[in-house]
Amino acid sequence: MGRAEKKRESFIWFKCKGSGREAAFKQIRKIKKSIIHNNRSAEPCSMCVNRERKRVQEVVAKLDLSDLFKCQRVCRQMDLKQDIQEPSEKFFWPKEVSEVDTNKLKQEEEEEEEEDEDVISINEQLEILNFYLRQTYNYCVYCGTVYDDETDMMEECPGPNRQDH
């Protein structure tokens, strides 16, 4: 784990003042600023990465992508229940695919990747979205449970990460 990754883990899961959607958005803006700052100042990885390490990283990346997609679907469902018609961040909801707009979608994806996804990785998107779901809806994606309140979630849920479960 590099120097920048250690910094990221230390700031994401502290409590924010207030509760609910607005407090979560305020904290998310701080997290995104910190991620962007850390990514710009991080040192490049060494060129010597063995095959086993790459394989493990690929497996973890696939799990993160799967978890992100699961979080996006849940987030969309819960936001629509609350009559929220647009996601607050592009990556909060899954991208919809239609047969007619396949070529247009590919072009849009390339443009979006240049904007946000170069700055914020899949893992970081997952952390931010998971934070949003926990703060706004008291939902743990790994437990698959909506808790009554923050206290109930803290008592029943083992933690905010896959490793905690």
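Which residues does Thr-136 touch, not counting residues up to four places away in sequence?

Guide: A word on the source first: this is a predicted model. Thr-136 touches Gly-20, Arg-21 and Ala-24 once residues up to four places away in sequence are set aside. Thr-136 itself sits in helix H5. Its relative accessibility is 18%. Buried means under 20%, so Thr-136 counts as buried.

Now step along to Asn-138. This residue lies in the loop between helix H5, residues 122–137, and strand S1, residues 139–140. Its backbone stands out: Asn-138 is not a glycine, yet its phi is positive, at about 50°. Asn-138 has 15% relative accessibility, so it is buried too.

A positive phi also turns up at Asp-83. The value there is about 65°, and Asp-83 is not a glycine either. Asp-83 belongs to the loop between helix H3 and helix H4. Helix H3 covers 51–81, and helix H4 covers 102–117. Asn-138, by contrast, counts as buried.

Next, the surface beyond strand S1. Asp-148, Asp-149, Glu-155 and Glu-156 form a negative surface patch. One of these residues, Glu-155, is placed in helix H6, which runs over residues 150–156. Glu-155 has a relative accessible area of 60%, so it is exposed.

Now the whole chain. How many helices and strands does it have? There are six helices and two strands. In sequence order, the pattern reads α-α-α-α-α-β-β-α.

The chain has 165 residues, and 34% of them are buried. Thr-136 and Asn-138 both count as buried. Take the contacts in the chain with a separation of 6 or more: 60% of them join residues 24 or more positions apart. The accessible surface of the chain comes to about 11500 Å². Carbon and sulfur atoms account for 48% of that surface.

Back to the starting point.

Note on methods:
Residues are numbered from 1 along each chain as its sequence is written. This is a predicted model: local features need pLDDT of at least 70, side-chain atom pairs count only at pLDDT 80 or more; totals for chains, interfaces and linings use all residues. Side-chain values use heavy atoms; hydrogens and water are left out. Patches are made of residues with over 30% relative accessible area and no salt bridge: like charges are joined within 9 Å, nonpolar side chains (Val, Leu, Ile, Met, Phe, Trp, Tyr) within 5 Å. Accessible areas come from the Shrake-Rupley method with a 1.4 Å probe; for residues, only the protein chains shown count as cover. A salt bridge is a side-chain nitrogen of Lys or Arg within 4 Å of a carboxyl oxygen of Asp or Glu. Lys and Arg count as positive and Asp and Glu as negative; His and the chain ends are not counted. The place of a charge is taken as NZ of Lys, CZ of Arg, CG of Asp or CD of Glu. Helices (H or I, at least four residues) and strands (E, at least two) are DSSP runs, numbered from the N terminus. Buried means under 20% relative accessible area, exposed over 50%, partly exposed in between (1.4 Å probe, protein chains only). Contact means heavy atoms within 4.5 Å.
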